[in-house]
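Try each task before reading its solution.

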Amino acid sequence: MTRSRASKPASVAITPQRMDFAFENVPRHWFAGDPVVTHFLNALSLTFPDGERFFVDSVRAYRDRISDPVQQKEISGFIGQEAMHSLEHNSFNEMLSAQGYEQEARGGQSLARKLIAAGQARMSKRMQLHATAALEHITAILAYRLLSDPALVNRMDPSVRDLWIWHAIEETEHKGVAFDLLMEVAPDYRDRVRTQLAASLALASYTTQYTWAFLKRDGIHRRPLVLARGLWRLFGINGLVSRTLPMWLRYFRPGFHPWEVDDSHLIAQWRHVLQEEKLASAA
C-alpha cells in the first residue's frame, strides 16, 4: 500500500481491551449536573452498539483487498476495539434504562438499528465504507475535543468518566484505519464530501431527537434557562461541539488525512491517567 503523507505514528498501538465497566450510582445528569450536555452524550451512546458493528462490517467487506501486513494488523485492531465499544456502551445504555429512561434507551437503539439496516440496504459496500470513514472522523474529533481539554473530562461524574476517556483514547488510536482503507479501495473525493455531509446531517438529526426525548422524560424541555445554558455549553464560543467545527472542516480538504494532527501524546497522557485510577481503586 502507498501510504498518505500522514500516517499513524509507530508508537501508537491499536490493541482491543475489554474493560467491564460497572456503572454504579450514576447521577441522572452526570456531566456537570447539566441535563442538556448529559443527554446529548447519552443520545450518542445509543448509536454506538449498532453503529460500531456497522463500521466493522464496512471494513471487513474490503479487508481481503489489502496485502500489506501492517495495514491488516491495524484493521484487526480496529475490529477488536469497535467490538469492545459496542459491548461497553450496551452496558451503559442498560444503565440508562435502569435509571428510568427505558423507553428512550430502547427506542433510540431500535431507531439506530433500523436506520443502519436501511442504509446497508440502500448503499453499496463502497458507500458504506465512505460513511464509516466519515463517521469515524466525527468520533475522532469529539475524542480530541475531550482529551485535549481536561476541564471537560473533569466535569464528568467519576462513575462514567473512565468509559468516555477509554473510548476517546481508542477512537484516537484507530482514527486512520477506515480512512486508509477507503483511500486504498475507493478514493473518490466527491463521494467523500457528499457522504460526510449526509452522515453529519443524519447524526445531528438523530442526536437532536433523542437529546430532546431524554429532556422531555425529565420534564426539562419547558425550562428555557436550563436549555439555554446547556446549548451554550454545546454550541457556545468554547462549546463541546462548536470547538470541533474547524477539525470537521478539515475532512473536506483533498489532501486530508486523520493523522495530519498528531495527537498521540494525548493517548499516552490519558492511558497513564486510567492506569493511575485503576491502581488507586485497587489499593
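A residue counts as buried when its relative accessible area is under 20%. The model used here is predicted.

**Exercise 1.** Determine which residues of helix α6 (residues 177-185) are buried, and which helices they pack against.

Solution. Start with the list: the buried residues are Val-177, Ala-178, Phe-179, Asp-180, Leu-181, Leu-182 and Val-185. That is seven of the nine residues in α6, and the helix is mostly covered. Next, look for the partners: the buried residues of α6 pack against α1 (35-60), α2, α3 and α7 (189-218).

**Exercise 2.** Decide whether Ile-79 is buried or exposed, and find what it touches.

Solution. First locate Ile-79: it lies in helix α2 (residues 69-122). Its relative accessibility is 9%, so Ile-79 counts as buried. Then leave out residues up to four places away in sequence; Ile-79 touches Val-56, Arg-60 and Arg-63. Finally, take Asp-57, which is 22 residues from Ile-79 along the chain: the C-alpha atoms of the two are 8.8 Å apart.

**Exercise 3.** Describe how helices α3 (residues 125-147) and α5 (residues 158-173) cross.

Solution. Two packed helices are described by the angle and the distance between their axes. Here the axes of α3 and α5 come within 8 Å and cross at roughly 125°. The two helices are therefore oblique to each other. The crossing of α3 and α5 is left-handed. On the α3 side, the contact residues are Glu-136, Thr-139, Ala-140, Ala-143 and Leu-147; on the α5 side, they are Ile-165, Ala-168, Ile-169, Glu-171 and Thr-172. Sorted by type, the residues of this contact are six nonpolar, two polar and two charged.

Definitions and conventions: Residues numbered from 1 in each chain as written. Predicted model: local features only at pLDDT ≥ 70, side-chain atom pairs only at ≥ 80, totals over all residues. Heavy atoms only, no water. Axes fitted to C-alpha atoms, helices over the stretch in contact; angles between N-to-C directions. Helix = DSSP H or I, 4+ residues; strand = E, 2+ residues; numbered from the N terminus. Parallel < 35°, antiparallel > 145°, perpendicular 65-115°, else oblique. Left-handed = near helix turned anticlockwise from the far one by under 90°. Contact = heavy atoms within 4.5 Å. Nonpolar A, V, L, I, M, F, W, Y, C, P; charged D, E, K, R; others polar. Buried < 20%, exposed > 50% of the residue type's maximum accessible area, 1.4 Å probe, protein only.
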